[in-house]
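Have the sequence and the model open side by side as you read.

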Amino acid sequence: MQFSLKDLELFVAVAEAGSIAKAAQQCHTVASAVSKRISDMEASFHTALLGRRSKGVELTPVGHALLARSRGVLTQASQ
């Protein structure tokens, strides 16, 4: 499982915004591209990272674990 820093940045943005559409807007990309990257990550883990709802998304337990790890990786990468 290898993810780019952009994948992790987008995942964190989705988690923090609570919405794929809002995260896409903040990251200056289209929602379908963000959704595809998240879906690819979920396929790599063989589990859902997000619960998709009509009014946004909620992190699954695996999503919460990945969020914490992603923040750490992004912090290290920026230093």
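This is a predicted model: local features need pLDDT of at least 70, side-chain atom pairs count only at pLDDT 80 or more; totals for chains, interfaces and linings use all residues.

## Surface and charge

Residues are numbered from 1 along each chain as its sequence is written, and side-chain values use heavy atoms, with hydrogens and water left out.

On the charge side, there are 9 positive and 6 negative side chains, and the centres of the two sets lie 4 Å apart. Lys and Arg count as positive, Asp and Glu as negative, and His and the chain ends are not counted. Each charge is placed at NZ of Lys, CZ of Arg, CG of Asp or CD of Glu.

## Overall fold

What does the secondary structure come to? Four helices and two strands, running α-α-α-β-β-α along the sequence. The radius of gyration is 12 Å, close to the 12 Å that the globule rule gives for 79 residues, so the protein is as compact as a globular protein of that length. (The radius is taken over C-alpha atoms, and the rule is 2.2 Å times the number of residues to the power 0.38.) Helices (H or I, at least four residues) and strands (E, at least two) are DSSP runs, numbered from the N terminus.

The C-alpha trace spans about 35 × 30 × 20 Å along its principal axes. Of the 79 residues, 34% count as buried; buried means under 20% relative accessible area, exposed over 50%, and partly exposed in between (1.4 Å probe, protein chains only). Among contacts (heavy atoms within 4.5 Å) between residues at least 6 apart in sequence, 51% join residues at least 24 apart.

## Helix α1

Helix α1 covers residues 5–17, and at 1.5 Å a residue those 13 residues should span 18 Å; the end C-alpha atoms are 18 Å apart, which agrees. The expected span is 1.5 Å times one less than the number of residues.

Which residues of α1 are buried? They are Asp7, Leu8, Leu10, Phe11, Val12, Ala13 and Val14. Their cover includes α2 (20–26), α3 (31–45), β1 (50–53), β2 (56–59) and α4 (61–78). Just after α1, Gly18 takes a positive phi of about 75 degrees.

## Two histidines in loops

Most residues other than glycine have a negative phi. His28, in the loop between α2 and α3, has a positive phi near 55 degrees, and at 74% relative accessibility it counts as exposed. His46 sits in the loop between α3 and β1. Phi of His46 is positive too, near 60 degrees, and His46 is exposed at 75% relative accessibility.

Is Glu42 buried or exposed? Glu42, in helix α3, is buried, with a relative accessible area of 12%. Leaving aside neighbours within four places in sequence, Glu42 is in contact with Thr47, Ala48, Leu49, Leu50 and Arg52.

Val62, in helix α4, is partly exposed at 34% relative accessible area. Not counting residues up to four places away in sequence, Val62 touches Thr47, Ala48 and Leu49. Val62 and Thr47 are 15 residues apart along the chain, with 7.9 Å between their C-alpha atoms.
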